[in-house]
Amino acid sequence: MKLLTLNFLTCARKACKTSAASFPLHPRDAELEQIEVDLNPLFIQNVLPRVEWDALKSLSSELGLPNLPDQCPDAAELTSDDEPSQTLKDLHTLLLETTIQSGKLVCGNCGHEYAIKEGIANFLLPSHLV
Amino acid sequence: MSRPEEILPPDLFYNDTEARKYTTSSRIQNIQASMTHRALSLLSLPAPSLVLDIGCGSGLSGDILSSVSPADGGPHTWIGLDISASMLAQALDRDATIDGDLLLADMGQGVPFRAGSFDAAVSISAIQWLCQAETSDDVPQARLRCFFDGLYASLRRGGRAVCQFYPANDAQREMISAAAVRAGFGAGILEDDPGTKNAKLYLVLTVGGGDMEGSNGGNGDITGVVKGMEGVDVEDSRRKRERAVGGKRGRLAPERTKGSKAWIVRKKEQMERKGKVVKANSKYTGRKRKIAF
């Protein structure tokens, strides 16, 4: 489960749809693993405007990763002379290469816990919670 | 041979044995690969994108998403949803490492992502499973609605979704298309090899019109998706209604609606005036027949 995915995942319960606290989900007892992924600068440029920077900052601090700058880097900072900049490479490592292999994701609104096993999160809801 | 969805719910049908059979079968791999390529050509993604794979299974379509060449706008980053734990386990067990993130989730319960997350969505051979009512609490229409609403929200404006599916009959096909339209999508169905045994149906959905970023400025129409594609005939069932509304009173007189009794009588009079042999009118003229066979 890449950290990029966590920047888009919300609580699955309908009751939490209207609440702002259902995003982002908070990791608990998370075990991280670094996986090598090929650098894809075009993808990072495409997706960066949609990344919620504040949610990413809080996620990074909750996982004990180095603190991120306050502002999301804008497109100009991602390339220097047509070469991917260090900022882009750092974003790549953080978003696409850092993964949660096991742990829990907790909703800030309802407190429901979604378990992660072998990198796969279980979002199946029993019918009384849908 | 009955269809898989009539036998068991998807999470039970795709148990470990079935999941392994499905994934290792070269025939299935080839069919899934060709359908994924077709879906990708309909999506025509210009740049490496974030794609949602609904019913990703063991990642057969995901592998293709990850290996789209840069010349074709790839490779894409994808997040897959599937209800069967065995299929997802197969995805992890396969030789090649899986590039996309996997989620164990039921699409009929919604799509748990924030609004405007994805550039596009694909679904290969999955959404017909939503038409089954597995328990007494289930209402397929509600599940379909929940799924399409969630999908609509999770796509960004101008995003597209292509769902290849196998409807058991026309009623299922209509149910699925209607739910998609009600959710707000611009919807069209592309049928490959129509009428043959191998006919494949692709539900093409757009958020906010088919050709919004198209080179010709876009007319916001779903048919813009297939504009310029070779060998595609467009049947627009909306045109009939437009013509009807265009009349002076906004409603056509009975003699003008084809097939009605008044029209039949008028045509018979015309033919008689021409001198042709015409059967006499009776109470049976133009009566709706109940087709027994």
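**B:Asp193 sits in the loop between strand S6 (186-192) and strand S7 (200-206) of chain B.** This is a predicted model, in which local features need pLDDT of at least 70 and side-chain atom pairs count only at pLDDT 80 or more, while totals for chains, interfaces and linings use all residues. Residues are numbered from 1 along each chain as its sequence is written, chains are lettered from A and ligands numbered from 1 in the order in which they are written, and side-chain values use heavy atoms, leaving out hydrogens and water. Look at the backbone of B:Asp193: phi is positive, about 50°, although this residue is not a glycine. Helices (H or I, at least four residues) and strands (E, at least two) are DSSP runs, numbered from the N terminus. B:Asp193 counts as partly exposed because its relative accessible area is 47%; buried means under 20%, exposed over 50%, and partly exposed in between (1.4 Å probe, protein chains only).

**A:Asp29 is another residue other than glycine with a positive phi, here near 50°.** You will find A:Asp29 in strand S1 of chain A. Its relative accessibility is 60%, so A:Asp29 counts as exposed.

**The peptide bond from A:Phe23 to A:Pro24 is cis.** Omega is near -5° for this bond. A:Pro24 belongs to the loop between helix H1 (3-6) and strand S1 (26-34) of chain A. Now hop over to chain B, where B:Gly74 and B:Pro75 are also joined by a cis peptide bond, with omega about -15°. B:Pro75 is part of the loop between helix H5 (60-66) and strand S2 (77-82) of chain B.

**Side chains alternate along strand S5 (residues 113-117) of chain A.**

**Strand S5 of chain A pairs antiparallel with strand S4 (residues 98-106) through 4 bridges.** Two strands pair if DSSP finds at least two bridges between them. S4(A) and S5(A) make a hairpin with 6 residues between them, and in the turn A:Gly111 has a positive phi of about 80°. S5(A) also runs antiparallel to strand S6 (residues 120-122) of chain A, joined by 2 bridges. This hairpin has 2 residues between its strands, and A:Glu118 in the turn has a positive phi of about 50°.

**A:Arg50 and B:Asp119 form a salt bridge, with their closest N and O atoms 2.7 Å apart.** This pair crosses between chains: A:Arg50 is in the loop between helix H2 (41-47) and helix H3 (53-62) of chain A, and B:Asp119 is in strand S4 (residues 118-124) of chain B. A salt bridge is a side-chain nitrogen of Lys or Arg within 4 Å of a carboxyl oxygen of Asp or Glu. Are these two partners buried or exposed? Both A:Arg50 and B:Asp119 are buried. Over all chains, the structure holds 13 salt bridges.

**B:Arg143 meets B:Asp106 in a salt bridge, the closest N and O atoms being 3.1 Å apart.** B:Arg143 lies in helix H7 (residues 140-154) of chain B and B:Asp106 in the loop between strand S3 (101-104) and S4 of chain B, so the pair ties together parts that are 37 residues apart in sequence. Both B:Arg143 and B:Asp106 are buried.

**A salt bridge joins the side chains of B:Glu191 and B:Arg173 (3.7 Å, N to O).** The pair links distant parts of the chain, 18 residues apart: B:Glu191 is in strand S6 of chain B, and B:Arg173 is in helix H8 (residues 170-182) of chain B. B:Glu191 counts as partly exposed because its relative accessibility is 32%, and B:Arg173 is partly exposed too, at 23%. Turning to chain A, salt bridges that share partners join A:Asp29, A:Lys104 and A:Glu113 into one network.
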